[in-house]
Amino acid sequence: MAKAVLKEEIPVLDKTDMAILKLLQQNARATVKEISEKVHLSTTPVHERIRRMETSGVIKQYVTLLNAAKIGKGLMIICYVSLKQHSKNAGDKFIKSILEMNEVLECLTISGEFDFMLKVVAENMDAYYDFHVNKLSQSE
């Protein structure tokens, strides 16, 4: 007997929910009071809407964006990577090694000539060269 595949429910978001999300994207530290004033609702319904969007997974997490230059990472590089081997094991090993590298902000799987696209930060070109030669190329 075949098992029924359950689809994940997509929450219904109205215009007010979208306005709340936009405000939170602009400033995740905005208070419920500040948001309620801007969307013209009292604080209780705004709080309930935010809670519902958190619970349903619409809001996944809150993050802090850093000024890279102020922490000695003023150079941002987009780096394309092709693996020498194209097996599941090789891909898993590469991803695991990338997750341990503080210089890598994002790792995207892409199709075409390259396998991955990395967003990398470094202090300067010398630091990036060191990262590329001594870390990245050792993980491929």
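Two strands count as paired if DSSP finds at least two bridges between them. Strands here are DSSP runs of E, at least two residues, and helices are runs of H or I, at least four residues, both numbered from the N terminus.

This is a predicted model, where local features need pLDDT of at least 70 and side-chain atom pairs count only at pLDDT 80 or more, while totals for chains, interfaces and linings use all residues. Residues are numbered from 1 along each chain as its sequence is written, and side-chain values use heavy atoms, with hydrogens and water left out.

Back to the hairpin. Six residues separate β2 and β3, and Gly112 in the turn has a positive phi of about 110 degrees. Leu108 has Met117 in β3 as its bridge partner.

Together the three strands form an open sheet in the order β1-β3-β2, with antiparallel pairing. The edge strands are β1 (75–81) and β2, each pairing on one side only. From one strand to the next the twist averages 15 degrees.

What packs on the sheet? Helix α4 does, touching β1, β2 and β3, and its direction makes about 20 degrees with that of β3. Contact means heavy atoms within 4.5 Å. Axes are lines fitted to C-alpha atoms, for helices over the stretch in contact, and angles run from 0 to 180 degrees between N-to-C directions. Helix α5 also packs on the sheet, touching β1, β2 and β3, at about 30 degrees to the direction of β1.

Now the aromatics. There are three aromatic pairs in the structure. Rings of Phe, Tyr and Trp (its six-membered ring) pair if their centres lie within 6.5 Å; planes under 30 degrees apart are stacked, over 60 edge-to-face, the rest tilted. Phe94 and Phe116 have ring centres 4.7 Å apart and planes at 35 degrees, so this pair is tilted. Phe94 lies in α4 (residues 88–99) and Phe116 in β3 (residues 116–122), so the pair ties together parts 22 residues apart in sequence. Both are buried, meaning under 20% relative accessible area, with exposed over 50% and partly exposed in between (1.4 Å probe, protein chains only).
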